[in-house]
Amino acid sequence: MQLFNTNTLLGTARRNTGLSDFGPDDFMPGLNALIDGINANAVISEDRWGNLFDFFVRALENRLRFTKDLSDHPEILQQELLPPVVILPLPRTGSTKLHRMLGASGNFQTLPFWQAYMFARITGHADDGVVERRRRAKEFEEWVYTTVPDMLKGHPMFVDEPEEEQVLHECTFRSARISAWFNAPIYSEWLQTQDMAPSYDYLLQQLKYLQWQFHRGARKPWLLKSPTNFGFEKLLLDNFGRELKIICPHRDPVNVVCSISRVSEYYRALFTDVDQGDLAQEMGQFILTMFSQAAQQHLSWRDENPCIGILDLSYTEIDEKPMEALRSVYGFLNLELTPDIEASITRWEQNKGRKQFARNKYSAEEFGLSDAQIHQAFAPYIERFHNFL
């Protein structure tokens, strides 16, 4: 069995870029915990070590290039961001569909997958490395669907479509997304004890950097969306201010827990061919605990911040009556849903490729849970939002 070495990863990234400064070293404990966890527990398929090595080195190369640009261009951090629109969901609540429909409107600055995956410029290229950055993102996208075709019914990601900002969090190595990829308890246990503020501080800088790269002449509000923000609303406010607008999709927690447990199996299958069945019950309990606690934190935050603008939507409305959901969103944001914008969103919705992906199938029992157990864990959330479930 091969093993990873942190110094080898750092050294490779330095050699590839010719740079040495990774910026704040608060990413190192997470990187070390992740490498220790993979070496101790994760069974990586023999033909995937190279892919995994490249995945980590890519994140480190982005840090190096970003740090260099911040040093050379201090005006980056002087970029002023408009108050963002934040889709703040539990997972599997229709938030990806809503995110990408709104992204098709042209009203917002969005984060295409390639810009999240390769967010840093590659200096020395006439186009700041855009062609190379897109190529590497496309190569990763194609590898994902070749390796685990079921990812298309999990969380489809496409180079030019809006993606969750948690992809940017990967470069801080404080990321729930990363913990979903591996059976690495050392890392997952470490992450649960950590202050996530460094990831959100870094995210703010990353978004200023991306605005500086691509939107300097035409600022719009960022459209953000990630289930990993649920329960961490305070950190969003600390970085983006209290003028941000929040949209909360809701769904029966049984579907939330079971569907994201299934999708986590797809993620873990990317780097290992080992049957995940033995881990299903452990995964189900971990996800139930994590998101039921996040729901409680979210409720407490709402009670403490009654003046924050929040629009609640149901999964059913987003899934079955998307234009009605959009009208609610536009009314909430005080924006005009013009015929041209509506036509643009409708074209996205009617794209022939959108209907080809089968839906996940699951039951609570597959993950060592029951519907009643999940409902009990989410009882306060269900009581508050039962009209949207």
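Is Arg327 buried, partly exposed or exposed, and at what relative accessibility? At 44% relative accessibility, Arg327 counts as partly exposed. The legends below describe close-up views of a predicted model.

**View 1. A salt bridge between Glu342 and Arg327.** The side chains of these two residues meet in a salt bridge, with an N to O distance of 3.2 Å. The pair links distant parts of the chain, 15 residues apart. Glu342 sits in helix α16, which covers residues 339–350, and Arg327 sits in helix α15, which covers residues 322–332. Glu342 is partly exposed, with a relative accessible area of 22%. Partly exposed describes values between the buried limit, under 20%, and the exposed limit, over 50%, so the 22% of Glu342 places this residue in that class.

**View 2. Asn334 in the loop between α15 and α16.** Asn334 is found in the loop that lies between these two helices. The residue has a positive phi of about 60°, although it is not a glycine. Asn334 counts as exposed because its relative accessibility is 67%.

**View 3. A salt bridge between Arg58 and Glu170.** The closest N and O atoms of Arg58 and Glu170 are 3.0 Å apart, and the two residues form a salt bridge. This pair links distant parts of the chain: Arg58 belongs to helix α3, whereas Glu170 belongs to the loop between α7 (166–169) and α8 (176–181). The two residues are 112 residues apart. Arg58 is buried, with a relative accessible area of 1%. Glu170 also counts as buried, at 2% relative accessibility. Arg177 joins Arg58 and Glu170 in a network of salt bridges. In total, the structure holds 22 salt bridges.

**View 4. Phe173 in the loop between α7 and α8.** Phe173 lies in the loop between these helices. Its phi is positive, about 55°, although Phe173 is not a glycine. What is the relative accessibility of Phe173, and does that count as buried or exposed? The value is 1%, so Phe173 counts as buried.

**View 5. Arg48 and Asp47.** Arg48 is found in the loop between α2 and α3, the latter covering residues 49–72. A polar contact of 3.4 Å joins the side chain of Arg48 to that of Asp47. Arg48 counts as buried because its relative accessibility is 8%, and buried means under 20%.

**View 6. A salt bridge between Asp150 and Lys153.** Asp150 and Lys153 form a salt bridge in which the closest N and O atoms are 3.7 Å apart. Asp150 is partly exposed, with a relative accessible area of 35%. Lys153 is partly exposed as well, with a relative accessible area of 25%.

**View 7. A patch of negative charge on the surface.** Which residues gather in this patch? They are Asp25, Asp26, Asp195 and Asp201. Asp25 is found in the loop between α1 (6–17) and α2 (28–40). With 57% relative accessibility, Asp25 counts as exposed, since exposed means over 50%.

Methods
Residues are numbered from 1 along each chain as its sequence is written. This is a predicted model: local features need pLDDT of at least 70, side-chain atom pairs count only at pLDDT 80 or more; totals for chains, interfaces and linings use all residues. Side-chain values use heavy atoms; hydrogens and water are left out. Patches are made of residues with over 30% relative accessible area and no salt bridge: like charges are joined within 9 Å, nonpolar side chains (Val, Leu, Ile, Met, Phe, Trp, Tyr) within 5 Å. Accessible areas come from the Shrake-Rupley method with a 1.4 Å probe; for residues, only the protein chains shown count as cover. A salt bridge is a side-chain nitrogen of Lys or Arg within 4 Å of a carboxyl oxygen of Asp or Glu. Lys and Arg count as positive and Asp and Glu as negative; His and the chain ends are not counted. The place of a charge is taken as NZ of Lys, CZ of Arg, CG of Asp or CD of Glu. Helices (H or I, at least four residues) and strands (E, at least two) are DSSP runs, numbered from the N terminus. Buried means under 20% relative accessible area, exposed over 50%, partly exposed in between (1.4 Å probe, protein chains only). A polar contact is a pair of N or O atoms within 3.5 Å; within protein, one must be able to donate a hydrogen and the other to accept it, and residues adjacent in sequence count only if both atoms are side-chain atoms.
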